[in-house]
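Reader: Could you take me through one part of this model and show me how its surroundings are arranged? I'd like a close look, in plain words.

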Amino acid sequence: MGLNYEGETSEIRTDAYHGTDLASAESILRSGFIPQLGIVGVGAYFDLGDDSSARERALEKAGGSFAQAVVIRAAVHLGQTIEVNFELNPQIKVEFQQFQKEIEQRFGGKIPMNFSQQKELFIQERHPEIHSASYFQTRQNQLTVAVRDSKRIKILSVVTLTGRVIQSCF
């Protein structure tokens with residue numbers, strides 16, 4: 001599949017879905033995924049197991065146009081992954097809260113970054129070995145993952161919500 005990293009035995013998921021608009025999908029096909037800052041730090045964001053959230057996100061990004069809404073299905077090599085849902089991972093919550101106290105001291109009080117930026121700095125400084133960050137969204141019963149290295153992503157298909165196939169590797 002081209003996603004194996006020598007010596008790694010971590011999970012490869014072929015049920016990773018990314019919702020976007022047609023113009024962005026075409027850009028991704030040309031240049032690959034460019035990791036962006038989001039809820040669990042920097043990464044290319046995918047919903048695992050089910051494309052329903054990606055379909056909703058695609059429709060939102062496409063301004064309600066089914067013809068412009070695109071779901072990208074990919075295989076992702078997760079590598080070392082950290083769960084940053086603090087309700088599900090209380091150990092990380094405690095570690096993160098300690099980290100926040102440290103950065104408050106570093107900056108003399110108020111932390112000059114938003115919560116997502118704080119999580120990214122936390123991962124960079126405390127867990128630099130991490131390849132992916134995950135967040136289980138309990139309301140939607142959906143696992144979202146941010147893949148930090150775009151070389152860990154292989155696009156399998158790109159399809160509009162009208163069913164038009166833009167690209168398929170099947």
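Author: Happy to; what follows looks at strand β7 and then at the parts around it.

This is a predicted model, in which local features need pLDDT of at least 70 and side-chain atom pairs count only at pLDDT 80 or more, while totals for chains, interfaces and linings use all residues. Residues are numbered from 1 along each chain as its sequence is written, and side-chain values use heavy atoms, with hydrogens and water left out.

Let's start with β7 itself, residues 142-147. Helices (H or I, at least four residues) and strands (E, at least two) are DSSP runs, numbered from the N terminus. Five of the six residues of β7 are buried, so the strand is largely enclosed by the rest of the structure. Here buried means under 20% relative accessible area, exposed means over 50%, and partly exposed lies in between (1.4 Å probe, protein chains only).

Next come the partners of β7. Two strands count as paired if DSSP finds at least two bridges between them. Strand β6 (residues 132-137) runs antiparallel to β7, and six bridges join them; phenylalanine 136 has leucine 143 of β7 as its bridge partner. These two strands form a hairpin with four residues between them, and asparagine 141 in the turn has a positive phi of about 55°. β3 is also antiparallel to β7, through five bridges, with tyrosine 45 bridged to alanine 146.

β7 also takes part in the packing of a helix. The buried residues of α2 pack against β1 (12-21), β3, β4 and β7, where contact means heavy atoms within 4.5 Å. In α2 (residues 52-61), Ser53, Ala54 and Ala58 are buried. They cover an arc of only 135° around the axis, so they sit on the same side of α2; that arc is taken from the directions from the helix axis to the C-beta atoms. On the other side of α2, Glu56 and Glu60 are exposed.

Finally, the core. A nonpolar core is a set of buried Ala, Val, Leu, Ile, Met, Phe, Trp, Tyr and Cys residues joined through side-chain atoms within 4.5 Å. The largest one has 18 residues, and Phe33, Phe46, Ile72, Val76 and Ile153 have the most contacts inside it. At least two of its residues come from each of α1 (22-31), β3 (41-48), β4 (69-77), β7 and β8 (153-160). β4 supplies the largest share, four residues. A second, separate core has 17 residues, among them Tyr45, Val84, Phe96 and Ile130.
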